[in-house]
Amino acid sequence: MSQPFIILREGTERTRGRDALNNNIQAAKIISEAVRTALGPKGMDKMLVDSFGDVVITNDGATILKEMDVQHPGAKFIIDLAKTQDQEVGDGTTTVVVLAGELLKRAQDLLEMDIHPSIIVEGYRLSMDKALELLNSIKIEVSLNDRDSLLNIAKTSMSSKIISGESSHMADLIVDAALSVEDEGTVDIDNIVIIKKQGESLSDTQLIKGLILDKERVHSDMPKSIKNAKILLINAALETNKTEFDSKLNIESADQVQQFLDREQASLKEMADKIISTGANVVFCQKGIDDMVQHHLAKAGIFAVRRVKKSDIEKLSKSTNAPIVSNMSDLSSKDLGSAGKVEERKVADDDVIFVTDSPQSSAVTILIRGGTEFVLDEYERSIHDALCVVRNIIEDKELVPGGGAPELFIANELRSFKLSQPSKIQLAIESFATAIEVIPRALSENAGMDPIEIIGELNQMYKDKKFTYGVNPIEGKIDDMKKLGVMEPVRVKRQAILSASEAASILLRIDDVVSAKNLGGPGGPSDMPDDMDF
Ligand code: ADP
Ligand code: MG
């Protein structure tokens with residue numbers, strides 16, 4: 001008689017074989033169905049409430065999934081896809097999750113027909129390679145002078161969000177923002193600062209060539225506006241040294257107290273004098289500024305701001321050509337940067353500081369206006385997506401029509417391609433083709449159109465070699481996407497197809513899930529969310 005041989009810690013959950021696979025697929029399908037109704041211009045928004053009662057209203061796939069408190073490892077894996085898509089290309093987060101879910105759903109049908117997962121994985125890999133090749137074959141090249149294409153790309157990205165009501169104005173602003181930070185063919189989105197201020201409406205959103213700091217000057221006697229600013233950036237405290245430990249000072253007479261205070265005053269005055277002697281008229285300090293120093297700077301007519309964020313100091317340094325000074329002892333006029341104007345203005349009820357007309361105008365700010373905090377947050381996410389797609393086009397200069405047109409083209413082409421393959425692989429390729437059709441299908445479903453009819457009509461267009469036809473959910477019919485100007489970056493589609501296929505293949509290869517004991521109470525890995533409802 002052998003003793004049971006225990007290698008896993010007590011409480012560890014283990015699911016094996018088909019169960020492990022089915023659980024993962026089930027979880028992925030649930031996640032993908034949760035976001036599917038958000039796809040496209042007629043997609044619905046989601047309202048999510050976290051455990052603190054904070055509300056988020058969004059249509060952005062990555063945000064929806066980020067806000068959901070999901071436990072199942074398979075589900076988490078799919079959610080990660082949306083995150084990666086967001087980081088890599090900035091848009092297409094719903095698409096990638098919907099596609100991965102559909103690939104797994106179709107794979108499940110094949111598994112039920114006793115087709116081995118490795119055959120499905122092989123068929124999916126072949127299909128993915130072919131799909132990427134096909135995507136390349138229909139891409140359209142654009143030039144940066146083609147402003148209309150850039151505008152269309154931005155509008156398509158925004159068309160599914162609440163921001164779309166103002167999409168013309170916003171597209172103009174977004175394209176201008178991206179082009180103004182463009183440098184040798186690349187666009188660094190980090191150079192575009194987004195500031196949100198409640199009040200007014202989205203149409204009052206502005207693009208400011210320069211930086212805006214959500215700060216105010218330290219002293220009301222300082223000037224509100226400085227032309228031809230000579231700027232000093234300091235990352236040291238303009239205060240007397242505070243000791244880290246309690247220290248004791250033995251003072252024996254009133255004279256000594258006075259002496260001590262005088263010395264402190266003198267050192268603060270010296271600090272202010274040093275700044276004044278550089279000829280600076282604007283000071284941005286990353287740390288604090290003592291009242292006494294503030295007083296002296298104000299008397300000298302200097303505009304000073306304290307506790308500026310490190311990232312803002314760095315941006316200021318880039319755009320004004322001012323080095324960041326950390327050692328106050330050798331300050332000189334060489335440490336000055338410049339800007340045409342530094343000004344404190346009221347936006348909504350807050351004071352903010354505008355730094356404009358700087359020599360390296362590499363940074364711009366989008367000042368978003370809107371009624372409520374929820375709306376402002378969603379505007380910011382949509383603007384971020386649109387900035388990313390415009391960046392993608394400026395960098396790659398390649399686009400494809402949207403509205404499910406490339407997906408439908410790929411599905412049809414895969415159906416001819418599969419004929420050259422062995423029969424079981426053919427089934428997997430067919431499943432991939434059906435899965436990728438989920439995009440035009442979901443776009444029509446979400447607009448209340450009949451997906452079977454629409455796919456039928458689109459297939460007819462494919463036969464007539466009209467490859468730019470896709471779903472027009474706004475008018476409820478099929479349409480030429482190129483004519484409509486519904487275009488997307490190839491980069492977004494490529495990344496979505498690539499990572500959805502890879503994710504599906506990874507999950508299909510798993511036949512054993514070992515999860516450590518769940519310390520978080522109910523809802524652990526073994527707690528399949530099969531009754532989750534959205
Ligand atoms: P994602 O998070 O994947 O970007 P979206 O909700 O933004 O999800 O929807 C993107 C899909 O909607 C793409 O397939 C895109 O081509 C399509 N789409 C966007 N605007 C339109 C439009 N005006 N007409 C047709 N399809 C559109
Ligand atoms: Mg989008």
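What follows is a set of questions and answers on a predicted model.

Residues are numbered from 1 along each chain as written, and chains are lettered from A and ligands numbered from 1 in the order written. Local features need pLDDT of at least 70, side-chain atom pairs count only at pLDDT 80 or more, totals for chains, interfaces and linings use all residues, and side-chain values use heavy atoms, without hydrogens and water.

Trainee: In what order do the three strands of the open sheet stand?
Mentor: Strands are DSSP runs of E with at least two residues, helices runs of H or I with at least four, all numbered from the N terminus. Two strands pair if DSSP finds at least two bridges between them. The edge strands, β7 (192-198) and β8 (206-208), each pair on one side only. The pairing is mixed, and the order is β7-β16-β8.

Trainee: Which residue in β16 stands opposite Ile-195?
Mentor: Strand β16 covers residues 364-370 and pairs with β7 in the parallel sense over seven bridges. Opposite Ile-195 stands Leu-367.

Trainee: Which residue with positive phi follows α14?
Mentor: Its phi is near 75 degrees. The residue is Gly-448.

Trainee: Is Thr-94 buried or exposed?
Mentor: Thr-94 sits in helix α4. Leaving out residues up to four places away in sequence, Thr-94 touches Val-35, Leu-39, Asn-59 and Gly-61. Its relative accessibility is 8%, so Thr-94 counts as buried.

Trainee: How many Å apart in space are Thr-94 and Glu-264?
Mentor: In sequence, 170 residues separate Thr-94 and Glu-264. C-alpha to C-alpha, the distance is 60 Å.

Trainee: Which element gives the most to the lining of the largest pocket?
Mentor: On a 1 Å grid over the protein atoms alone, a pocket is an open set with protein on both sides within 12 Å along at least five of seven lines, and lining residues have an atom within 4 Å of a point; a cavity is a set of points where a 1.4 Å probe fits but cannot get out. The lining has 37 residues, with Pro-41, Thr-156, Ser-159, Ser-160 and Val-486 nearest the centre. Elements giving two or more residues are α4, α6 (147-158), α14, β18 and α16 (481-484). With four residues, the top contributor is α6.

Trainee: What is the volume of the second largest pocket?
Mentor: Its lining includes Ile-189, Lys-315 and His-384. Elements giving two or more residues are β7 and α11 (373-396). A volume is the space filled by probe spheres set on grid points, joined across faces, edges and corners. Here the volume is about 240 Å³.

Trainee: Which residues is Gln-495 in contact with, leaving aside neighbours within four places in sequence?
Mentor: Gln-495 lies in helix α17 (residues 490-508). Gln-495 is buried, with a relative accessible area of 16%. The contacts are Thr-84, Gln-85, Glu-88 and Val-89.

How values were computed:
Buried < 20%, exposed > 50% of the residue type's maximum accessible area, 1.4 Å probe, protein only. Contact = heavy atoms within 4.5 Å.
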